Amino acid sequence: MSADQPRSFFGLALPRSRALLGAITLILICTYLISGVRYALYTPATSNNYLWAVYHVHSTMSDGLDSPTEIARQALKARVALVILTDHGNPNPAASAFQMRDHKVTIIGGSEVKLPEGRLTFFGASQVPRFALASFPPKAIDQARLWGAFPIVSYTEDPLYGWRYWESDLDPGGIEVSNLFSCVRALSVFRKLLLALYYPFSQYYFLKSVAFPAQSFARWDDILERRKTWGLVAADAHGGFHLNKWFSARVPSYHATFSLAGLGIDRKYASQPEVAIRNGDFFNCIRGAGEPLVFEYFATNGALKFTSGSTAPEGSALHARVQTAGQAVQLVLIKDGAIERKLDADHLDIPIVAAGVYRLEVYLPHHPLLPVSVPWIVSNPIFIGTAPYDLHPRSGELAGHRASRPASVGLGSAGVTAIR
């Protein structure tokens, strides 16, 4: 039989090559639909035991698609209690000191500033900034603090906006250890195509694209050797994207992005959730992979309890406990940037710990969407001992821009902490 001899395909006489191509196409379409339905059936576990916050959000005060009022409505739908705006500007006067509480959602204003060395965000200014931030990062950070704001180094390892200033005088209040938009930019063309194909079935397909760059962890751990700095997962939410001057696509919506990742806060901060962020008393969670029923990470010394962001005396005990809705977990304790303990258990109890900086990463080894190498929860650190862990050790005076920079500080003991 010749290659072009007609074959029957769904009752139609087609050449053999076209029939084969049709069969392959049908198989691919069926496979796509079946897997898409499987993703559509996925629903993450939820918990009402914590307040949820999202950081790095853009509104109509810059290039976001919706007003703060609409953002608050979508935040409420996503069970988010605190939204931290970071609208573009140098700084953005309207957004920098903006505050609103609507539908039980608190919105704190802030700015995202483009510096020669990268992007710096800040939020919670107590006064409207009246001048542009300096181009020198340490001076810009000091200026933000003069306004009562909390400064954060953004896009630490972004393919397009990556931060470049890592000298020893860098003193941010926080550092982005993951940025959801950066995760998309870092994908290969094929992975971006898969995301476009499967996202219509479920927003949670994005979990396959979430990443915490190992270098971001290393940068954070390096700073922690010198001063207190909090790690944050950034939503980088715009409510969609602009197609042109008149049209926009509302994908992903604020609600969808808010449902993927956030900052977990104890309910004792219900009246002032921003205080938890400033204190470092919160944890980062990939909420789309499920919310913990219980997440505890603290140190004790006698009757005293020290939560994340705190400094405890040397010789204190360290504790962690995680409770999920049927998910197995792996705990990885990081001390001074290196893995101290790794165990397949839902609790950790160390009666006496040496001086150092301790933070916790929690993994879900059997999750259907979140990669096994990506942490589900990243705590903020607990500081043990008398090392110079001052929250803001720099002088209140604005440091002048030096003619020459100091030599770059190496990563020291900071290393790759992600499980491979």
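**Notes on the predicted model**

1. To start with E361: this residue sits in strand β24, which spans residues 356-363. E361 counts as buried because its relative accessibility is 0%, under the 20% cut-off. Its side chain still has a polar contact, at 2.7 Å, with the side chain of R359. Keep in mind throughout that this is a predicted model.

2. Now the overall picture. The protein has 9 helices and 26 strands, and 54% of its 420 residues are buried. If you take contacts between residues at least 6 apart in sequence, 71% of them join residues at least 24 apart. The accessible surface is about 18,200 Å², with 58% of that belonging to carbon and sulfur atoms.

3. A299 is a handy example of a contact across the sequence. You'll find A299 in strand β17, residues 294-301, and it is buried, with a relative accessible area of 0%. Leaving aside residues up to four places away in sequence, A299 touches L304, K305, F306, A312, A317, L318, I382 and I384. Take I384 from that list: A299 and I384 are 85 residues apart in sequence, yet their C-alpha atoms are 8.7 Å apart in space.

4. Next, the open sheet. Six strands make it up, in the order β5-β8-β9-β10-β11-β12, and the pairing is mixed. The edge positions go to β5 (87-88) and β12 (230-234); each has a single partner strand, so one side of each has no neighbour in the sheet. For β12, look at β11 (residues 174-179): 5 bridges join the two strands, which run parallel. Within that pair, E176 stands opposite L232 in β12.

5. Strand β7 (residues 105-108) runs antiparallel to β6, with 4 bridges joining them. D102 has V105 as its bridge partner in β7. The hairpin has 2 residues between its strands, and H103 in the turn has a positive phi of about 55°.

6. Some backbone angles to check by eye. Most residues other than glycine have a negative phi, and most peptide bonds are trans. H56, however, has phi near 75°; this residue lies in strand β3, residues 51-57, and is buried at a relative accessible area of 0%. D336 has a positive phi as well, near 50°, but this one is in the loop between β21 (330-335) and β22 (338-343). D336 counts as partly exposed, at 25% relative accessibility.

7. Then the cis peptides. One joins N90 and P91, with omega about -10°; P91 is in the loop between β5 and α3 (93-96). Another runs from V251 to P252, with omega near -5°, and P252 is in the loop between β14 and α8.

8. Finally, V251 again, from the surface side. V251 lies in the loop between β14 (248-249) and α8 (254-258) and counts as partly exposed, since its relative accessibility is 42%. Together with F241, L243, W246 and F247, V251 forms a nonpolar surface patch with about 610 Å² of accessible area.

Notes
Residues numbered from 1 in each chain as written. Predicted model: local features only at pLDDT ≥ 70, side-chain atom pairs only at ≥ 80, totals over all residues. Heavy atoms only, no water. Buried < 20%, exposed > 50% of the residue type's maximum accessible area, 1.4 Å probe, protein only. Contact = heavy atoms within 4.5 Å. Patch = residues over 30% accessible without salt bridge, like charges linked within 9 Å, V, L, I, M, F, W, Y side chains within 5 Å. Areas by Shrake-Rupley, 256 points an atom, 1.4 Å probe, with all protein chains shown as cover. Salt bridge = Lys/Arg side-chain N within 4 Å of Asp/Glu carboxyl O. Polar contact = N/O pair within 3.5 Å; in protein donor to acceptor, adjacent residues only side chain to side chain. Pairing = 2+ DSSP bridges.
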